[in-house]
Amino acid sequence: MEKQEKILVIGSQGQIGMELVERLRDIYGTDNVVASDVKELRRDQHEGIYETLNVLNVSRLHEVVKTHNVKQVYLLAALLSATAEKDPAFAWDLNMNGLFNVLDMAKEGLLKKIYWPSSIAVFGPTTPRQNTPQYTVMEPSTVYGISKQAGERWCEYYFHKFGIDVRSLRYPGLVGYKSAPGGGTTDYAVHIFHEALKTGSYECFLSENTALPMMYMPDAIKATIDIMQAESSKIKIRSSYNLAGFSFSPKELAAEIRKTIPDFRISYKPDFRQAIADSWPQSIDDTQTQKDWGWKPGFDLPQMAADMLKNLSVLKK
């Protein structure tokens, strides 16, 4: 039996990272997955192998990879859309140079496979907003989107130029109950559930009919692992694949929450994130993703809302 390659997750304390590490350890074994983040954690704050790591620190990155004989990296460290707008220079540095540092390690032969997430933020106000196709106009209007678009191009370049096995998904907005919102424009769809259970009301920073592509976290984790497990020959796109779950507006999400909490109230006070949301697609066409490696989501909006409320209710007890 072939020995399992060691996996490093960079940005393991984020919204995606926490759940991805848990699932990867379920599949490949606790000792085969190294979690890492810039945060220093005490031993009682984590299970399994954990390394404090800033992806911009090249020597430390090399040290962690060589110490654990890592061959696969999931690079999740990034400054998200709304947060990035507050510090554009740092966002660009982290999102781009972090990617270069990992790609260059693969170029040196130290890594065999890389996962790097892109986002619907690569699209912009000139992009078709309904059923946004895989190949289309991309003129992002945020620092986050610009860095992700550039990252897609570099991933494809490193694949064609150096044969680097790098794989990517354009995540829609992600909704999960195991971690706090991380500073993204779509994070209202996480915060709203917490406030619904805590106070019975929520003030939304987007307008009521702002429809955006979203996905429940279990599906996002499944898609991430599925693309990494797929045969290399099936990965036809080396920039980033469109990924779709379902689309909804704050008004539609509130209606789903009222099925469980009938008295839930929502108000609207759009802020600077409204302009970001207005520049993004309302729905995504991921036909190519389904065709190439068989992607299919498991949750729709009603199933997601019910599961979020059920699990958050248990956690808050």
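**Figure 1. Lining of the second largest pocket in the predicted model.** Helix 1, which spans residues 15–28, supplies six residues to the lining of the second largest pocket, the largest share of that lining. The model shown here and in the views that follow is a predicted one. In total, 16 residues line this pocket, and those that lie nearest its centre are Met18, Val21, Arg25, His46 and Glu47. Sorted by class, the lining of the second largest pocket is made up of six polar, five charged and five nonpolar residues, and the pocket has a volume of about 340 Å³.

**Figure 2. Helix 1 and the glycine that follows.** With its 14 residues, helix 1 reaches 21 Å from its first C-alpha to its last, which is close to the 20 Å expected at 1.5 Å a residue. Residues three or four places apart in an α-helix point the same way, because such a helix has 3.6 residues a turn. Buried positions in helix 1 are Gln15, Ile16, Gly17 and Glu19, together with Leu20, Val21, Leu24 and Arg25. Val21 and Arg25 in this buried set are also named among the residues nearest the centre of the second largest pocket. Just after helix 1, glycine 29 takes a positive phi of about 100°.

**Figure 3. The largest cavity and the residues around it.** Rolling a probe the size of a water molecule over the atoms shows where empty space is left. The structure holds one cavity of 30 Å³ or more, and the largest cavity has a volume of about 40 Å³. The residues that line the largest cavity are Val55, Leu75, Ala77, Ala78, Leu94, Asn95, Gly98, Leu99, Trp116 and Lys148. Helix 4, covering residues 88–107, contributes four residues, the largest share of this lining. By class, seven residues of the cavity lining are nonpolar, two are polar and one is charged.

**Figure 4. Arginine 153 in helix 5.** Arginine 153 is found in helix 5, which runs over residues 143–162. This arginine counts as partly exposed because its relative accessibility is 38%, a value between the 20% and 50% limits. When residues up to four places away in sequence are not counted, arginine 153 touches Met138 and Ser239. The C-alpha atom of arginine 153 is separated by 8.7 Å from that of arginine 238, although these two arginines are 85 residues apart along the chain.

**Figure 5. Two asparagines with positive phi.** Most residues other than glycine have a negative phi. Asparagine 69, although it is not a glycine, has a positive phi of about 55°, and this asparagine is found in the loop between helix 2 (58–67) and strand 4 (70–75).

**Figure 6. Cysteine 155 and cysteine 204.** Cysteine 155 counts as buried because its relative accessibility is 0%, which is under the 20% limit. Cysteine 204, with a relative accessible area of 0%, is therefore buried by that limit as well. The structure holds zero disulfides.

Terms used. Residues are numbered from 1 along each chain as its sequence is written. This is a predicted model: local features need pLDDT of at least 70, side-chain atom pairs count only at pLDDT 80 or more; totals for chains, interfaces and linings use all residues. Side-chain values use heavy atoms; hydrogens and water are left out. On a 1 Å grid over the protein atoms alone, a cavity is a set of points where a 1.4 Å probe fits but cannot get out, and a pocket is an open set with protein on both sides within 12 Å along at least five of seven lines; lining residues have an atom within 4 Å of a point. Grid points are joined across faces, edges and corners, and a volume is the space filled by probe spheres set on the points. Ala, Val, Leu, Ile, Met, Phe, Trp, Tyr, Cys and Pro count as nonpolar, Asp, Glu, Lys and Arg as charged, and the others, Gly among them, as polar. A disulfide is a pair of cysteine sulfur atoms within 2.5 Å. Buried means under 20% relative accessible area, exposed over 50%, partly exposed in between (1.4 Å probe, protein chains only). The expected span of a helix is 1.5 Å times one less than its number of residues. Contact means heavy atoms within 4.5 Å.
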